[in-house]
Amino acid sequence: MQLNYEDIQVGSDLPSRAWGPLTNMDMIRFGAAVDSYGEIHQDYDWCIEHGFDNVLLSGPFKQALLCSWLDEIVGNKGFLKKIEISHRGINYVNETLKATGTFSKKYIVDGLGFVECDIAITNDNGLVSCPGKAILLIPMKDTDFIDFNFEAPVTYESFLHNQISAEFSDSGNIYLTKEIIEMIGVMGEPYTWPEPLDVSAIRRFTQGVFETKPRYVDIDYAKKSSIGSLIAPPAYVIRPPFGFWDKGMLGESAIPIFTVPNTNVAVNGGNESEWYKVVKEGDTLTQQARIIDIYEKKGNKRSLIPVVSETIIVNQFDEVVALSKQINIRMP
Amino acid sequence: MVEQEQNYLTPEILRQIGKEGEETIWPEPLDRSSLRRFIQATRDDNPLYYDEEYAKSTKYGSVIAPPFYFHRSFPSPLGVVEDAEKEEMRHRGLVDTPGFAKQVNAGSEIEWFGQVRIGDTLNSKTVVSNIEQKQGKNGPMILITYDRIIKNQDDKLIAITTQKSLRRQSEGTSLF
């Protein structure tokens, strides 16, 4: 049944959803869907050697599960507009994750109903690992369909020309050398998907996050819809497939690659993504990213060096389909 | 005096010779991202499999799939997520050999008759062609031979394979 904007009561709970116990196979299936084969999410021995208790469920996986859950709540006519989550705890394979949330605000802009909510993932031990917020686009009662087509606050060109830099000051931080601080503002190379979005890519991703929404999995439904073809789930847009031969065997990220000396572990600290246009079968996305901040803080057991990047994702017409901010935490 | 080997091939097991598996079909026509994943996974850098310009200059005229590509699994269709057991069952569920549950791949013979291109949808049909008992160093084993025919959407023969699987004596059922 389609949820309507008029039915939303601010302060009421979103219907919750649980997944699991999530297995190593679930993690491998998701990894293959997003071409991500990092040891931390696949290799038990590596995880134990690096001080973890088991294979870690990946941040993009948890975020994609949240996106899929919210996408289910907004129904066949609604859309997920924005998500912002912070990774506050580690989740391992064999855990069951539960998504919960509360509607916090609702408003109408240009005749469209936006609903904000506070969301989180909690595991079977009560650990809250992914607190965050989301903005949902929920149709009014008399809405036939929503044309998901928004103007982003930047164009591809203005994104490229916006300069960011930081001055180095010797403040006694161990990891923030002059070379590291000089990475702030550095723009990565544009990175284009190795092929246009195709059905098998959508299949792998939707199977990877247990997605059953017809706009992503039902070809006949999608053809008859106002969009006219299958589209990519929002979480897939912000985690595009890695590269081809000229980009390195097992891929290359759009985010500039560099090493913080004396660190050998990197974990996902959080992500904020907003979507502006749908991505259809046959579309080819390009993403480009730059580092916008690097800082150092003390964690419980070890120092943490968060690296913040922002990524623009455009389609083959240079239209902005999404903007994403990522915090990647390096640690010794 | 040589000890008589015990015969584990019961009539129930032998009756499965000739058993046919259900026809399996690729969930979608071959597309580029599937092909990319396969050639990345097998570290195959032959441009015939990914470089359209290069492929045009060859006798094939377009990118083709590597010969062994048809051997990829036949995954569940769009919108269906199967659990590990069901997925495994589709690959192993044809022959039941109670008491012989541990299975290893004992080799295969493949003959190719045509190429696979972007847009092709393959189907596969398997028949159990033989079941025999073998004596290994660590005890008796059951050797199962499967014949498989792979065709494309135009019913054109792509490959015929003979696959052998060895099952060792172990508790449990070979049917998951």
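I count two residues as in contact if their C-beta atoms, placed from the backbone, lie within 7 Å. A reminder to myself before I start: this is a predicted model.

**Entry 1: Val321(A) and the cores.** With that cut-off, I looked up the partners of Val321(A), leaving aside neighbours within four places in sequence. I found Val237(A), Trp275(A), Tyr276(A), Lys277(A), Val279(A), Leu285(A), Ile313(A), Val314(A) and Asn315(A). I then turned to the largest nonpolar core, which has 64 residues. Val321(A) is among the members that touch the most others, and so are Val237(A), Leu65(A), Leu66(A), Leu70(A), Leu80(A) and Leu136(A). Which element gives the most to this core? I noted helix 3 of chain A, residues 59-73, with eight residues. There is also a second, separate core of 14 residues, and I wrote down Leu30(B), Tyr50(B), Val63(B) and Phe70(B) as being included in it.

**Entry 2: where the chains meet.** I found 19 residues of chain A and 13 residues of chain B in the contact. On the chain A side, helix 6 provides the largest share, six residues. By class, I listed 11 nonpolar, four polar and four charged residues on that side.

**Entry 3: Arg203(A).** I picked this residue from helix 6 of chain A, which covers residues 199-208. Is Arg203(A) buried or exposed? It is buried, because 26 other C-beta atoms lie within 10 Å and 20 or more is the cut-off for that. Setting aside residues up to four places away in sequence, I saw that Arg203(A) touches Pro27(B), Glu28(B) and Leu78(B).

**Entry 4: chain B.** I went through its secondary structure and got four helices and five strands, running α-β-α-α-α-β-β-β-β from the N terminus. Of its 176 residues, 20% count as buried. For contacts in chain B between residues at least 6 apart in sequence, 72% join residues at least 24 apart.

**Entry 5: the sheet in chain B.** I traced an open sheet of five strands in the order 1-3-4-5-2, with antiparallel pairing. Which strands stand at the edges? They are strand 1 (24-25) and strand 2 (102-112); each has a single partner strand, so one side of each is left without a neighbour in the sheet. Strand 1 pairs with strand 3 (residues 123-136) in the antiparallel sense over two bridges, and I noted Asn123(B) in strand 3 as the bridge partner of Ile25(B).

Key. Residues numbered from 1 in each chain as written. Chains lettered and ligands numbered in written order. Predicted model: local features only at pLDDT ≥ 70, side-chain atom pairs only at ≥ 80, totals over all residues. Buried ≥ 20, exposed ≤ 12 C-beta atoms within 10 Å, placed from the backbone. Core = buried A, V, L, I, M, F, W, Y, C linked by C-beta atoms within 7 Å. Nonpolar A, V, L, I, M, F, W, Y, C, P; charged D, E, K, R; others polar. Pairing = 2+ DSSP bridges.
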